[in-house]
Amino acid sequence: MKDMKKLFTKDNLIVLVLAGILLFVIALPVGDSREAEATEIQTPVQAAPVKDSEEEQYRGELETRLEEIFSSIKGVGRVRVMITLKTSLERVVEKDQNGTESVYRTQSGNSDPFVKKTLMPKVEGVLIVAQGAGNGEVNRMLTASAEALLGIEAHRIVVVGMRPE
């Protein structure tokens, strides 16, 4: 009985209550951040909007060109490519000599900023689905080709086999 009294001292009870509160707080659902995570995860598989943005057109052109070139590599066969972009298309406008105001060009009554250069989106990752994948040499060739063409690291490239039709 003395051991039980030592166990339930005022300090120990406070620690137990605080531990219980901590466990309760940890177990509470966090609605907004989990919904945001779910939205981010679902975004790549959602249907593309009817009107393609410039980034989507750029990504589509890259995917098509890669599919064409990869499928011509010996042993690869049919190929599908999916690219994710890290950044969006960016236009750098010309500034005046002070660097404070944009320079505008007027055509047909419309005034648009003068675009000095356009920075294309950066590629974040690539998925390559190929008939010949599974063969170590084919996987290495596809990975090395994607690295060289897109300027990304090998760990951002995934090569998988295509299911038989």
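**Close-up views of a predicted model**

Glu-153 is partly exposed at 42% relative accessibility (buried means under 20% relative accessible area, exposed over 50%, partly exposed in between; 1.4 Å probe, protein chains only). This is a predicted model, where local features need pLDDT of at least 70, side-chain atom pairs count only at pLDDT 80 or more, and totals for chains, interfaces and linings use all residues. Residues are numbered from 1 along each chain as its sequence is written, and side-chain values use heavy atoms, with hydrogens and water left out.

**View 1. Glu-153 pairs with Arg-156.** The two form a salt bridge, with the closest N and O atoms 3.3 Å apart (a side-chain nitrogen of Lys or Arg within 4 Å of a carboxyl oxygen of Asp or Glu). Arg-156 is partly exposed, at 31%. The structure holds four salt bridges.

**View 2. Glu-67 meets Arg-80 in a salt bridge.** The N to O distance is 3.7 Å. Arg-80 lies in strand β1 and Glu-67 in helix α4, 13 residues apart (helices, H or I, at least four residues, and strands, E, at least two, are DSSP runs numbered from the N terminus). Arg-80 is exposed, at 51%. A polar atom of the Glu-67 side chain also lies 3.0 Å from the backbone nitrogen of Val-81.

**View 3. Glu-63 bridges to Arg-59.** Their closest N and O atoms are 3.9 Å apart. Both sit in helix α4, four residues apart, so about one helical turn separates them. Glu-63 is buried, at 16%. Arg-59 is partly exposed, at 26%.

Terms used. Polar contact = N/O pair within 3.5 Å; in protein donor to acceptor, adjacent residues only side chain to side chain.
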